[in-house]
Amino acid sequence: MNAALFFNLLLNGVIEGLIIGLAALALNLVFAVARFPNTATGDIMTVGAYAGIAVQGLGISSTVLQMLAAVVVCMALCVVLYRLVFRRLQGRSMLAVLLASIGLAFIIRAAVFLIAGPEQRVFQIPLQRAIDIGGVALQPSMLWLAVTAFGCMAVVFAVLFLTPIGRRMRAVADNRALARTSGIDVDRVMVALWLLTGAVCGVAGMVLGINTVVMPENGWNILLPAFAAAVLGGVGSPVGAIVAGLALGIVQELSTPFVGFTYKIALSFVALIVILAIRPRGLFGAAVKVR
Amino acid sequence: MSANTIDRRRLLGAAGTGALLWAVGGAGPARAGEPFRIGALNPITGAGSLYGAGMQKAIIFSAEEVNAAGGAGGRMLEVFPEDSQTQPDAGVLAAKRLIEVKKVHAIMGTWSSGVALAVMPIQEAAGVIHMTSAGASIISTQDKKDLVYRFSTTGQRSGRAIASILAKDGVQRVATMAFNNASGRDITDGVKGAWTEMGRKLVAEVVYEPNRPSYRSELQRILAGKPEAIVLGAYVPDTTIIVREAWQLNAKVKFIGPGYAVSPKLVESLGPEVAQGLMAVDYVSALNGAAYTHFAERYRKVVGGDPADGFFAACAYDMVQVTALAIEAAGGSADNAAIAAKLREVANPPGTPVSSFAEGKALLKAGQKVNYEGASGPLDFDEHGDVRPLFKLSVIRKGQLEFRQMLDLK
Amino acid sequence: MLSYLVAIAIIGGIYSLLTLGLNLHYGFTGLINFGHVGFFALGAYASALLTLAGLPFAAGFAAAMLIAALVALPLGLLAIRLRDDYLAIVTLGFSEIIRIVITSEEWLTGGVQGLPGIPRPFGGLGVGGAEYAYLGLVVALNGLAFLLVHRLAASPFGRLIKAVRDNEVALVSLGKDPVGVKIRVFMIGAGLAGLAGALYAHYITYLSPEQVIPLVTFYVWMAMIIGGTGRNAGVVLGAGILVLILEGSRFVRDLFPGVLDTEMASIRLAIIGLCLVLFVLFRPRGLIGDGVER
């Protein structure tokens, strides 16, 4: 492998990794505090992307405004899901909530299909040519992607570790019963959690939609690698989610000269299994105590 | 509605009471005047849903036309619509229902290879005619009873058409990118086969897994071979992303793909600047034929939309017309095998070219030979029961798909 | 009509066998397996390839069970060390790895072109007879699996299984080996899924990677949740209801012609989703569960 190929693959891995990492970030929050793998995450992201498309359809071409709409819609959707379903399942087994989230994922996807139809939509964003540096293609849009992903991560980190509501979230994550007895309004904390999750889903859905095309199955398709990144990053670690997403993306792309392009998507699961066999709690699993 | 059109409730009742009386499928000789029952097994939902509804409607209005002309060989046609869900297991259950419950004589309009291949054992065992527009080459060889007829072509042949166009254009360096499924791979395999026969080699080839956030690494691998043209065995979403990323990477390369990928939807998604110069190779309906003109008019009215997008519906329309001609030629009491045996006789030369069942019926009655020239093409079946289709090449200029040339692959 | 019902019953029986296996995993040991379709795929391809190579059906079925069970061994060893939620994701990933291997190893599996012409047993009985015989086989194997699970549950080993599920710590302090128990149960359940795969392959006679997607696993979970975990009769009932939902849309099309056509797939998906959510919320034990709240 020559240097140019190596760096190209590395950069491609970074792009894919950041997209996956954002989805993993949304998974990770719920994983840590509400304690289940939220299978509906991908489909909530899809709804966000369609919200952005709808705003574009109104003639508003500002990506920032489109993203704002995606964020608001996803926040609202998450709170509705919490109020209608997840709150009623508090105290039930992880499996019960997981199964409910699969059901919700199906319902949301079916609704998107019925409302928006199967045809693809795209965000009309002017394309920029890559800058060629010694055979390495530098994509200007990558900068925006990185700023968005790390910005999102920083916001989530700040909310979790620097604000009173974040402190309460972590308390609930550590021990819900104890948190309740020490006077924390768990319901309010959970609403805050779902609002934050929704915001991340909105951003993640928009980022995915801008980089690819918007279709009803978009979010669902990215769910499995995002799951791998979320587990690998370790529950409750926003930095871990992004870093694990990056790591998986980079490993995946760098592996292609050796394993080819069809096996690369199996690689994130192989990596997941190997690492969990060695460290059952994930890479950053010890960063925040969960149980 | 005329008396000849299908009354669903009556049919349901008949099927319900009649079903238990017969043991196994409608393979025996027909009783004189017994309706010829057609199972329209189309991909209404799932991956083929863009085409399924149009195909089903075309089968129904095609059968209505036959009935309006007095039926074939004294038999009226009845259509029973079903959804294959573009899934083999759902297709099997639907075929079971059609053959066992509805007692159909023919299954028409299977679209994906998986469904066609899964339906075939049941249909062959029951002695039912099967007309498909699926692409997999193995369908031809799996048909042991000569009951399966293919109205579109294999992806391999599309690939060969693409290769011959590139060769004619003087392109030397060709690479392929394939979506990892049967249709995608068939196209690029066809290109590779034809290219190898010309004594040349592909400069690069990649098979990619779908539904990825990016195909940049795949593309860079291809571009490293410095191709002049990249053949895509792809669909609209992945083509959108690949062409966009190629533009971003400043790739000076031609893309050529199947018409269902390089489509107006793609142009709309990419914008005229990025889409400029993309080439589409498509099966072509017999644009100048009387059958196509008639079909296109009915398609606009019944299905809606541009009949140019309705190639598979045109195939489905022809399935009914040509079968009706075969029934007429075989006589009212012929069984399915005898009807199938007449298909080549009414569709292939020699014979007076006809563009509809009604036209052909009169000639057959007068004892003449006919050669049906369909809406989907000249419709001549080879020894496998496959047709040899026409292709057309279009190029995107200023956001419009411009017709370039027709291509008849011998 | 009868023959169509036979076909539905065969598909239902295959799902029922899959659900019995999953029920053994979860209902009896609490192991959360979201990679069930992986074992199904292994069994389907194993039996298809062996019989295509000329081996008898019995050998194909035996190999299907054996291979699925053997692959379950390392996965089970990993599984018991993991938290529930990680386990769900790891098993899901496992089934995706199986699917990707099937897609990629064309020399063996035919890759995306699939495997056509898989032999079907009972060819000598004629078309109708073969169908009934196949249904008989599916029912018999379900009965055997039913009995096996039942006997397992009633045996000393079964009491151990239940004990593992209910209180693992106490069991360890009694000097029992819950790890060994769990793994053996995991392998048996996987074997049942492999058998279901073999039955599927020889009935549909065509296999492709598109038929072994995670959605199948979710269907089986739904069947188990509707029927009720931990009790076999509930499992069979759940599989029946699942097939009713999947196949019922054909009758809906007959009753309301023209409408709903292309939306049908979405409506089916929504109904399945709704079933999952509503049963989890309001009837967590399923229609006939064993009464243990989980």
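The model is predicted. Chain A has eleven helices and two strands, whereas the secondary structure of chain B comes to 15 helices and 14 strands.

**Chain A as a whole**

- Along the principal axes, the C-alpha trace of chain A spans about 60 × 50 × 35 Å, and 59% of the 291 residues count as buried.
- Of the contacts in chain A between residues at least 6 apart in sequence, 77% join residues at least 24 apart.

**Chain B as a whole**

- For chain B the radius of gyration is 22 Å, close to the 22 Å that the globule rule gives for 410 residues, so chain B is as compact as a globular protein of that length.
- The C-alpha atoms of chain B fill a box of roughly 70 × 40 × 40 Å when taken along the principal axes, and buried residues make up 63% of its 410 residues.
- Among contacts in chain B with a separation of 6 or more, 68% are between residues 24 or more positions apart.
- The accessible surface of chain B comes to about 14,200 Å², and 54% of this belongs to carbon and sulfur atoms.
- Chain B has 44 positive and 40 negative side chains, with the centres of the two sets 2 Å apart.

**Thr262(A), in contact with chains B and C**

- Thr262(A) lies in the loop between helix H10 (238-259) and helix H11 (264-278) of chain A, and counts as buried because its relative accessibility is 13%, under the 20% cut-off.
- Setting aside residues up to four places away in sequence, Thr262(A) touches Asn180(B), Val207(B) and Glu209(B) in chain B, together with Ile100(C) and Ser104(C) in chain C.
- With Ser104(C) there is also a polar contact, in which the side chains of Thr262(A) and Ser104(C) come to 3.3 Å.

**Lys96(B), in contact with chain C**

- Lys96(B) is placed in helix H3 (residues 88-101) of chain B, and its relative accessibility of 2% means that it counts as buried.
- The side chains of Lys96(B) and Glu131(C) are joined by a polar contact of 2.7 Å.
- Leaving aside neighbours within four places in sequence, the contacts of Lys96(B) include Val101(B) and Ile122(B) in chain B, and Ser3(C), Tyr4(C), Ala7(C) and Tyr203(C) in chain C.

**Leu42(C), within chain C**

- Leu42(C) is found in helix H2 (residues 36-52) of chain C, and at 17% relative accessibility Leu42(C) counts as buried.
- Apart from neighbours within four places in sequence, Leu42(C) is in contact with Ile67(C), Ala68(C), Val71(C) and Ile98(C).
- Leu42(C) and Gly191(C) are 149 residues apart along the chain, yet their C-alpha atoms are separated by 9.8 Å.

Conventions: Residues numbered from 1 in each chain as written. Chains lettered and ligands numbered in written order. Predicted model: local features only at pLDDT ≥ 70, side-chain atom pairs only at ≥ 80, totals over all residues. Heavy atoms only, no water. Helix = DSSP H or I, 4+ residues; strand = E, 2+ residues; numbered from the N terminus. Buried < 20%, exposed > 50% of the residue type's maximum accessible area, 1.4 Å probe, protein only. Contact = heavy atoms within 4.5 Å. Polar contact = N/O pair within 3.5 Å; in protein donor to acceptor, adjacent residues only side chain to side chain. Rg over C-alpha atoms; globule rule 2.2 N^0.38 Å. Areas by Shrake-Rupley, 256 points an atom, 1.4 Å probe, with all protein chains shown as cover. Lys, Arg positive; Asp, Glu negative; His and termini not counted. Charge placed at Lys NZ, Arg CZ, Asp CG, Glu CD.
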